[in-house]
Amino acid sequence: MSNDLAGTRVAFLVAPEGVEQAELTQPWEAVRRAGGEPVLVSTQLGRIQAYDHLDRADQFGVDITVEVADPADFDALILPGGVANPDQLRTQPDAVRFSRAFFDAGRPVAVICHGPWTLVEADAVRGRRITSWPSVRTDLRNAGAEWVDEEVVVDESGPNTLISSRRPGDLGAFCAAIVRHVRPARDVTAAGTTRPAGAGLGDDELARQVAGQTSGDRQAADVFARESAGTTSDTEAARAGADDLR
């Protein structure tokens, strides 16, 4: 496990229902394994319902509502996909305002699949290079974005870093880009010196590391669900502690 994201708080903004589970749990686990603090933000308290494509999957506990969450308390924003998820978020003024605030503050935003719909509503993609699920392409182009068909796009031409991917199959590259580009200002090494977070890892090595970390998505989702519910058996706790998943 790396500590590239130590000291960072990363907001995961999702609707109460419809988020694609893998696009939530795999980046969540990548952030956590890299030493960051992922925070689940939604439009209402309680538990959100995730989906595996069109089938109901697991439920996860919300940490804070977008209505009261302060974007200044977070170092970055991640917007998972799923068709219904961003379609709901883009109708919620607080969710749109929260998303736009990261661009205005120059803080990284990572978005995947249908997630850019929320950014279209926030008028945050004009002049930016981005990818998405193919059906969102026309919406992004109409909003002034340059749409490309690539596994992962890291666009730094605007006020912030914008990371985007197309689909669940791109999650390895998407998570690697998040770990590389979402980082604190300083990273203190064991020797007490500082270095840029992520230094010493090439892109290929980082992608392999994150791919290995996220290959157990089902296990990560199970632990995420247990943490949200606040219940863990002794056996599960031991296993989670050994795998550093708690």
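What follows is a set of questions and answers about this chain.

Visitor: Before we start, what kind of model is this, and what pLDDT do local features need?

Guide: Residues are numbered from 1 along each chain as its sequence is written, and side-chain values use heavy atoms, with hydrogens and water left out. It's a predicted model, where totals for chains, interfaces and linings use all residues, side-chain atom pairs count only at pLDDT 80 or more, and local features need pLDDT of at least 70.

Visitor: How many helices and strands are in the chain?

Guide: Both are DSSP runs numbered from the N terminus: helices are H or I with at least four residues, strands are E with at least two. On that basis the chain has 14 strands and 9 helices.

Visitor: What percentage of the chain's residues count as buried?

Guide: Buried means under 20% relative accessible area, exposed means over 50%, and partly exposed is in between, using a 1.4 Å probe and protein chains only. The chain has 246 residues, and the buried share is 51%.

Visitor: And among contacts between residues at least 6 apart in sequence, what percentage join residues at least 24 apart?

Guide: A contact here is heavy atoms within 4.5 Å. Taking contacts between residues at least 6 apart in sequence, the share joining residues at least 24 apart is 67%.

Visitor: Let's do the open sheet of 3 strands. In what order do they come?

Guide: Two strands pair if DSSP finds at least two bridges between them. Strand 2 and strand 4 run parallel and are joined by 3 bridges, while 5 bridges join strand 4 (residues 47-52) to strand 5 in the antiparallel sense. The pairing is therefore mixed, and the order is 2-4-5.

Visitor: Which residue in the turn between strand 4 and strand 5 has a positive phi?

Guide: Strand 4 and strand 5 form a hairpin with 2 residues between them. Asp52 stands opposite Asp55, and Arg47 stands opposite Gly61. The turn residue with a positive phi, about 60°, is His53.

Visitor: Leu54 is in that loop too. Is Leu54 buried or exposed?

Guide: Leu54 sits in the loop between strand 4 and strand 5. Its C-alpha atom is separated by 10.0 Å from that of Ala84, 30 residues away along the chain. Because its relative accessibility is 68%, Leu54 counts as exposed.

Visitor: On to the largest nonpolar core. Which helix gives the most to this core?

Guide: A nonpolar core is a set of buried Ala, Val, Leu, Ile, Met, Phe, Trp, Tyr and Cys residues joined through side-chain atoms within 4.5 Å. This one has 30 residues, and those touching the most other members include Phe74, Phe98 and Val109. Among the elements giving two or more residues are strand 1 (9-13), strand 7 (76-79) and helix 4 (116-121). The top contributor, with 5 residues, is helix 3.

Visitor: Val109 is in strand 8. What is the bridge partner of Val109 in strand 12?

Guide: Strand 8 pairs in the parallel sense with strand 7 over 3 bridges and with strand 12 (residues 162-165) over 4 bridges. Val109 and Val111 point one way from strand 8, Ala110 and Ile112 the other, and all are buried. In strand 12, Val109 is partnered by Leu162.

Visitor: How many residues of helix 6 are buried?

Guide: Helix 6 (residues 171-181) is mostly covered. Of the 11 residues in helix 6, the buried ones number 8.

Visitor: Last one: how many disulfides does the structure hold?

Guide: A disulfide is a pair of cysteine sulfur atoms within 2.5 Å. Cys113 counts as buried too, because its relative accessibility is 6%. The number of disulfides in the structure is 0.
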